[in-house]
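Reader: I would like to go through this model feature by feature. For each one, please give the rule before the case.

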Amino acid sequence: MEGFEKLEVWKRSIGLSVKVHSTFTSCRDFSFRDQIQRSADSISNNIAEGSERLSKAEFRNFLSYAKGSAGELRSQTHLAQKLNYIDAVTATQWNSELLEISRMLYGLIKSLENSK
């Protein structure tokens, strides 16, 4: 496997993480800010960590963790909108991107399973 930096799903998850960090930089709800930023970071970090593991099975596990983090971030995005931390347009854009990232992760997981 080539470096994780070449994976489109990693690039997109990093891009979304940057948006989350930028949006919540001045949020005074420190607990919420920390949690949403950490779950955003977790997606790309799990992709990277898994790609550096020694087996496809380990990589798949970390891709699964990344997919779980994408779900967590989608939930937090809904909450952020309800708390008026972000507007509906931002929430819709982020959740659309997260659904696509989840689909990409699922496809990558399946491709690793099929290449045993």
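**Reading the model**

Author: At 7% relative accessibility, Ser-69 counts as buried, where buried means under 20% relative accessible area, exposed over 50% and partly exposed in between (1.4 Å probe, protein chains only). Ser-69 is placed in helix H3; helices (H or I, at least four residues) and strands (E, at least two) are DSSP runs, numbered from the N terminus. The model is predicted, so local features need pLDDT of at least 70 and side-chain atom pairs count only at pLDDT 80 or more, while totals for chains, interfaces and linings use all residues. Residues are numbered from 1 along each chain as its sequence is written, and side-chain values use heavy atoms, with hydrogens and water left out.

Reader: Which residues is Ser-69 in contact with, leaving aside its neighbours within four places in sequence?

Author: Contact means heavy atoms within 4.5 Å. On that basis Ser-69 touches Ser-39, Ser-42, Ile-43 and Asn-46.

Reader: Is Gln-76 buried or exposed?

Author: Gln-76 is buried, with a relative accessible area of 9%, and lies in helix H3, residues 56-82. Beyond its neighbours within four places in sequence, Gln-76 is in contact with Phe-32, Gln-35, Ile-36 and Ser-39. The side chains of Gln-76 and Ser-39 are also joined by a polar contact of 2.5 Å. A polar contact is a pair of N or O atoms within 3.5 Å; within protein, one must be able to donate a hydrogen and the other to accept it, and residues adjacent in sequence count only if both atoms are side-chain atoms.

Reader: How many residues does the largest nonpolar core have?

Author: In soluble globular proteins, nonpolar side chains tend to be buried together. A nonpolar core is a set of buried Ala, Val, Leu, Ile, Met, Phe, Trp, Tyr and Cys residues joined through side-chain atoms within 4.5 Å. Here the largest has 29 residues, and those with the most contacts inside it are Leu-7, Phe-24, Ile-43, Ile-47, Leu-63 and Leu-73. Two or more residues come from each of helix H1 (8-24), helix H2 (30-51), H3 and H4. H4 gives the largest share of this core, 8 residues.

Reader: How many salt bridges does the count come to?

Author: Side chains of opposite charge can pair when their charged atoms come close. A salt bridge is a side-chain nitrogen of Lys or Arg within 4 Å of a carboxyl oxygen of Asp or Glu. By this rule there are 6 salt bridges. One of them joins the side chains of Arg-12 and Glu-97 (2.7 Å, N to O). That pair links distant parts of the chain, with Arg-12 in helix H1 and Glu-97 in helix H4, 85 residues apart. Arg-12 is partly exposed, at 26% relative accessibility.

Reader: How many residues apart are Asp-34 and Arg-38 in helix H2?

Author: Asp-34 and Arg-38 are separated by about one helical turn because they are 4 residues apart in helix H2. Their salt bridge has its closest N and O atoms 3.8 Å apart. Asp-34 is partly exposed at 40% relative accessibility, whereas Arg-38 is exposed at 53%.

Reader: Where is Asn-84?

Author: Asn-84 is in the loop between H3 and H4. Asn-84 has a phi near 65 degrees, a positive value in a residue other than glycine. With a relative accessible area of 67%, Asn-84 is exposed.
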